[in-house]
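I am opening a notebook on a structure that is new to me, and I want to set down how its parts pack together. My entries follow the order in which I looked things up.

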Amino acid sequence: MFLQGMFQRVGKWQIVVICGVLTVAFLLFFSLAERGAPEGTPGIVELELAFSEDRFSGIVGQWSEAGTLPVQKRNLWIDLLFPFAYAFFLSSLLALLAIKSSEEPGSGLIVLLELPFVAGFFDWIENALLLVLLGDTGNFSQPLVFLASVAASIKWLLILVSVLAIIYYMVGKVVQLVR
């Protein structure tokens, strides 16, 4: 009951707009930071999905040579705030599209509405592990590299499912309008 009421309250266009603007601002910031890296230097997503100590070490080595390692570390600290913005944006947009004002959302919809927050949780795990790993660039732990990549993979999967659910409900709204 609590979650149903909460999602009905966050499914407001004002929350969608505010969190959407914050999400876009974060994305622009990270995009500009990636553009500042020398051509051919791997981005943060490549590091997130390295899975192996060798691949991870190679990316960090390229960042060190290019002088972008300190910037990437700083961006990871900033990235700890990003999950708040995108989790509320995705969940509130989905709530706005999917919850009818006259009825409470069912348990399946509640699970969909929770997915962006679970993605954010895995994003924090990933970022924390990456910060630990980048704290000692001379000694990477294969299990931590692998766990960070698994957390990132789960995050990306949950974000994809959330975006697909939003598209599904948007199409449903358009079909209703056309009828």
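I began with helix H5 (residues 69-79) and helix H7 (residues 107-135), which pack at an angle of about 150 degrees with their axes 10 Å apart; axes are lines fitted to C-alpha atoms, for helices over the stretch in contact, and angles run from 0 to 180 degrees between N-to-C directions. H5 and H7 are therefore roughly antiparallel to each other (over 145 degrees counts as roughly antiparallel). Their crossing is left-handed, a term used if the near helix is turned anticlockwise from the far one by less than a right angle. On the H5 side I listed Leu 69, Lys 73, Leu 76, Trp 77 and Asp 79, and on the H7 side Asp 123, Asn 127, Leu 130, Leu 131 and Leu 134, with contact meaning heavy atoms within 4.5 Å. These contact residues divide into six nonpolar, one polar and three charged; Ala, Val, Leu, Ile, Met, Phe, Trp, Tyr, Cys and Pro count as nonpolar, Asp, Glu, Lys and Arg as charged, and the others, Gly among them, as polar.

I noted that this is a predicted model, in which local features need pLDDT of at least 70 and side-chain atom pairs count only at pLDDT 80 or more, while totals for chains, interfaces and linings use all residues. Residues are numbered from 1 along each chain as its sequence is written, and side-chain values use heavy atoms, with hydrogens and water left out.

Next I looked at helix H4 (residues 53-66), whose axis comes within 12 Å of that of H7 and crosses it at roughly 65 degrees. That makes H4 roughly perpendicular to H7 (65 to 115 degrees). The crossing of H4 and H7 is right-handed, the clockwise case. Phe 56, Val 60 and Trp 63 of H4 meet Leu 130, Leu 133 and Leu 134 of H7, and the residues of this contact are six nonpolar, with no polar and no charged ones.

The C-alpha atoms of the chain fill a box of roughly 60 × 30 × 25 Å, taken along the principal axes.

Methods: Helix = DSSP H or I, 4+ residues; strand = E, 2+ residues; numbered from the N terminus. Parallel < 35°, antiparallel > 145°, perpendicular 65-115°, else oblique.
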